[in-house]
Amino acid sequence: MSHFSRRAHDTSRTVIDHAVGVLVGLRGCSPDEAFAELVRVVRQTGIGIGSVAAGLVAVASGSASAEHAEAFAVWGELVARKRITVS
C-alpha cells in the first residue's frame, strides 16, 4: 500500500469510527450495531462507506452540505430530535 493509499485508508477509518460513535450516542446502541447500520445504508444507497460515514458526521456536526443529502435523509431527523432533547 502506498503512503497516499495508507493515509486515505487511515482517514476513512477515522471517519467511520467517528460515525460509529455518533450512532452509538444517538441510538444508545453498541458499536457493532452502529457499524451494521452504516453497512445497511451503504447497501441501500450504493454510496461507499467512507462517504456515508462522512455524511453522517457532517449532519451530526451541523456542517452538512448538498453532497451529504443521503446521510441527511437517513439521519437528519434523528439528529434534530436529539438536539431538541438535549437543548
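A residue counts as buried when its relative accessible area is under 20%, as exposed when it is over 50%, and as partly exposed in between (1.4 Å probe, protein chains only). By this definition, buried residues make up 28% of the 87 residues in the protein. The model is predicted: local features need pLDDT of at least 70, side-chain atom pairs count only at pLDDT 80 or more, and totals for chains, interfaces and linings use all residues. Residues are numbered from 1 along each chain as its sequence is written, and side-chain values use heavy atoms, with hydrogens and water left out.

The secondary structure comprises four helices and zero strands. Helices (H or I, at least four residues) and strands (E, at least two) are DSSP runs, numbered from the N terminus. Along the sequence the pattern reads α-α-α-α. Contact means heavy atoms within 4.5 Å. Of the contacts with a separation of 6 or more, 38% join residues 24 or more positions apart.

The interior was examined next. A nonpolar core is a set of buried Ala, Val, Leu, Ile, Met, Phe, Trp, Tyr and Cys residues joined through side-chain atoms within 4.5 Å. The largest such core holds 19 residues, of which L23, L38, V52, L56 and W75 touch the most other members. Two or more residues each come from α1 (3–27), α2 (31–45), α3 (49–61) and α4 (69–86). Helix α1 gives the most, with six residues. In soluble globular proteins, nonpolar side chains tend to be buried together.

W75 is in contact with L23, R27, E37, L38, V41, V52 and L56, leaving aside its neighbours within four places in sequence. E37 is buried, with a relative accessible area of 8%. Residues up to four places away in sequence not counted, E37 touches L23, R27 and W75.

Helices α2 and α3 also meet. Their axes come within 9 Å and cross at roughly 115°. Axes are lines fitted to C-alpha atoms, for helices over the stretch in contact, and angles run from 0 to 180 degrees between N-to-C directions. Helix α2 is therefore roughly perpendicular to α3, a term that covers 65 to 115 degrees; angles under 35 count as roughly parallel, over 145 as roughly antiparallel and the rest as oblique. F35, L38, V39, V41, V42 and T45 of α2 make the contact with I49, V52 and L56 of α3.
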